[in-house]
Amino acid sequence: MSDSATHHEDGHKSLIIDNKKLLMWLFLGSDCMFFGTLISTHLIYRKLNPEEFDPTSMFSLELTSFSTFILLMSSFLMALAVSAMHKGQIKSFRRNTVGVIFFGLIFLACQVYEFTEFAHLGLTLESGTFGSTFYLMTGTHGVHVAIGVFWLICMLFYSYTGKMDAHESAVDVEVAGLYWHFVDIVWIIIFTVVYLIEFIGKV
Amino acid sequence: MSTVTETPAPSTHTEDKHVLKPERSNLGLMRPDHNKSVLIDWLTTVDHKKIGIMYGAIALFFLLVGGVEALIIRTQLAFPENDLISAQRYNQLFTMHGTTMIFLAIMPLNAAFFNFLVPLQIGARDVAFPRINSFSLWAFVAGALVINFGWVLQAVEVMGLFSASGPTAGMNDFVPSMGWFGYAPITGIEFTGAGTDFWIMGLQILGVASLSAAMNFVVTIINMRAPGMKMMRLPVFTWMTLVVSLLIVFAFPAITIALAQLMFDRTFGTSFFVTAGGGQPILWQHLFWIFGHPEVYILVLPAMGIVSEVLPTFSKKPLFGYAIVVFSGAVIGFLGFAVWSHHMFTTGLGKVATAAFSLLTMAIAVPTGVKIFNWVGTLWGGRVRFAPPMIFALGFVWMFMMGGFSGIMHASAPADAQQQDSYFVIAHFHYVAIGGIFLAVVSGIYFWLPKIVGKMWKGKLSIWVAIFSTVGLNITFFPMHFLGLLGMPRRTHTYLEGFGWETYNLVCTIGSYILAFGIFLLVVDIIRCVRSGEPAGNDPWDARTLEWETTSPPQVYNFGRTPVIAARDALWEHKHGPENRRITYEEDDGHGIHMPSQSWMPMIASLGFVPLGLGLSLMQAGIPYMGYVAIFGLFMIALGVALWAIEGPGGYHLHPEEEK
């Protein structure tokens, strides 16, 4: 992942923020717009076609709350992994990264279960605007989680090659951490405005 | 950094990289670094200057393609009830003319200038991520191939080579034909064929290219500046690059998601834009213009940057009000996100929304006007030299202002209701696009080509380029104002006699050929300069910014030693300013110049978009086995990225001979 030409020889000694980290922040800014577009499409159609579908009959608050909690905890472990890497504690980094990967996979499994369940209950891509926006939005989020899991698995393997060092690799891990936290935050927003909001006055 | 070569003794001069031996990457493969084959050198290059030149060459090619499409359109419209081409072919031509000019000609021409100039202007050795830069270039090429692939199929179809009973039976629509804005519901599966799929996939790939390039340039400009090159000492062109890159970062996601939704509508039966399923076609217009209006500034701000460099150089004065010019550019970019609905006044937004967007649109005229006044202020009292770049820059100020005036007319919603979808709109945005952006880009070419190729222009052909293109564009587009007010609608392949449109249309067509001749002369002039120009020297124009400090063409490492900047207009102060504002150079630390390694992987990864895009489009059209082609493309991208990550950044050191 490292593609930087900035080495100490280059004479740019006053970097406020590392190149890779700045690139990731820009990507996350861009990603905000991606999810902003998806979520607002969902909310607009929810308002325009309120009678089309009643999601409270289908959503399982228990399951989704569980998977949300799992994703939150994975973010906590991710923060521990980043901190461990900064201190050069590679064993602690590995332990925590395995935890993040495991929790990420649990979240993905919950989503797969949820999707199949909803499809059985009649919510499909073809069934109207709710199905269209819901699956495209949560599916895009799921793809983000899957990419994050794949990325962390690659890092885990890389840590066994002995090429990781506390300076260069700590930035790489931190960049992955930024991505992971962002994906987590997006899920908090989706959980709130897509799931929880439907239950106002209904529970 | 295990692959960086051992530092040789500083006394050995290894200025020519071909002298060095290639090394192995972490994959165990030889890096293409010091290959003597010119072709391999260009294909695998990570040098921002070579990448910029390739962007420019490909963009000029597509400029000619789009120009030929425009000429066919104008020839068809020369006479009432002309039947040179069919209505379907006409739709394909105006769609591809718009798409080509915006995404394949102007944006990459701007990218060519970004690539070549920005690292030189900020005193850097390359961009922040040289391999991502190479990826952006080849992804752009992949997108261009996918979006134009329909022409190949259309040619095969016209020649009657498709069998009547195969999977292509009954298909005769392979080129996008719904307009460059692709309004729903005409992009729906029941109305348009494979052309729309090529367009969706092609634009999606071009979006990847633009986004990766834009993020790269933001990081480069913020992090890679030479010591002393503070933000408010940056050349205005670099500032505009930063603003444009941020616009791309935040505007492109809207079109990416809109295209994904459209693809889902066509492929998986969702109902984002399908009324039968509860969808609203107008959502497309909103999402498209949330991207589309910032896109207008993505196209025009670099042109403003170019002109802000050229005018001070040939007036021998600093830019009048540097800070306010920079600030105006940023304000234009910021406001650009808040005016998209002025493209949709006639859709019935409601009074409040219409008034708000009308007001905001007029507000954009303020920073634009500020810029125009600052350019005029720069000329005021200056020692003006009418060198070729200056002629085009002056033409830009005047012609762009004309386009701006009709723009303000559109900002008024009642007037816009009359002008919507008429030739008046065409007149407006062609004054901006050709009178504004094109003239500025030509000015940039005349200004910087001596730096890029190291050769000077020959003779006075440039004045004829200026005369033919400016006269041609005015003859072509000025009568369109009247055509629009007389009610001639856009996007109709022919018209009847008796509406008073005949003379204007004929004049427009004649004008378009004059403009085309001007562009032909420009190509001739470029070829003459590149082939047989005299050596240009470092600073042929007595210019002001850092790129003119280095050799023409610049060395592969740009600057032998990192410059330390003491003032805005660094080179001008260095040449004519007081002692304490001169450029100094960092001490040579004996390590040599660190250069990034070349790589095949970005090209392999990005060219995987070609089978992916074509496979998905053709699968949608019902051609068998195309899903496998798409999967192959995906695999190619994944493989390229994986090997890219594993091979490591590498790098080597050059030791140029000290001249100073």
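This is a predicted model: local features need pLDDT of at least 70, side-chain atom pairs count only at pLDDT 80 or more; totals for chains, interfaces and linings use all residues.
Which residues make up domain 1 and domain 2 of chain B? I'll answer the question first, then turn to chain A.

In the domain assignment, domain 1 of chain B covers 235-304 + 317-376. Domain 2 of chain B is 383-546. So much for the bounds. Now, how far apart are the C-alpha centres of the two domains? For domain 1 and domain 2 of chain B, the figure is 23 Å.

The two domains also touch. Domain 1 of chain B puts 15 residues into the contact. Domain 2 of chain B puts in 18 residues.

Let's look at the domain 1 side. Two helices of chain B each supply at least two residues there: α7 (281-315) and α9 (351-379). Which one gives the most? That is α9(B), with 8 residues. What about residue classes? On this side of domain 1 of chain B, 9 residues are nonpolar and 6 are polar. Charged residues are absent from that side.

On to chain A. Chain A has 5 helices and 0 strands. Along the sequence, the pattern reads α-α-α-α-α. Its C-alpha atoms fill a box of roughly 65 × 30 × 30 Å along the principal axes.

How much of chain A is buried? Of the 203 residues in chain A, 38% are buried.

Last, the contacts within chain A. Take those between residues at least 6 apart in sequence. Of these contacts, 82% join residues at least 24 apart.

To recap: chain B has a domain 1 and a domain 2 in the assignment, and chain A has 5 helices with 0 strands.

Technical notes. Residues are numbered from 1 along each chain as its sequence is written. Chains are lettered from A and ligands numbered from 1 in the order in which they are written. Helices (H or I, at least four residues) and strands (E, at least two) are DSSP runs, numbered from the N terminus. A residue is buried if 20 or more other C-beta atoms lie within 10 Å of its own, exposed if 12 or fewer, and partly exposed in between; C-beta atoms are placed from the backbone. Two residues are in contact if their C-beta atoms, placed from the backbone, lie within 7 Å. Domain bounds come from an automatic or database domain assignment. Ala, Val, Leu, Ile, Met, Phe, Trp, Tyr, Cys and Pro count as nonpolar, Asp, Glu, Lys and Arg as charged, and the others, Gly among them, as polar.
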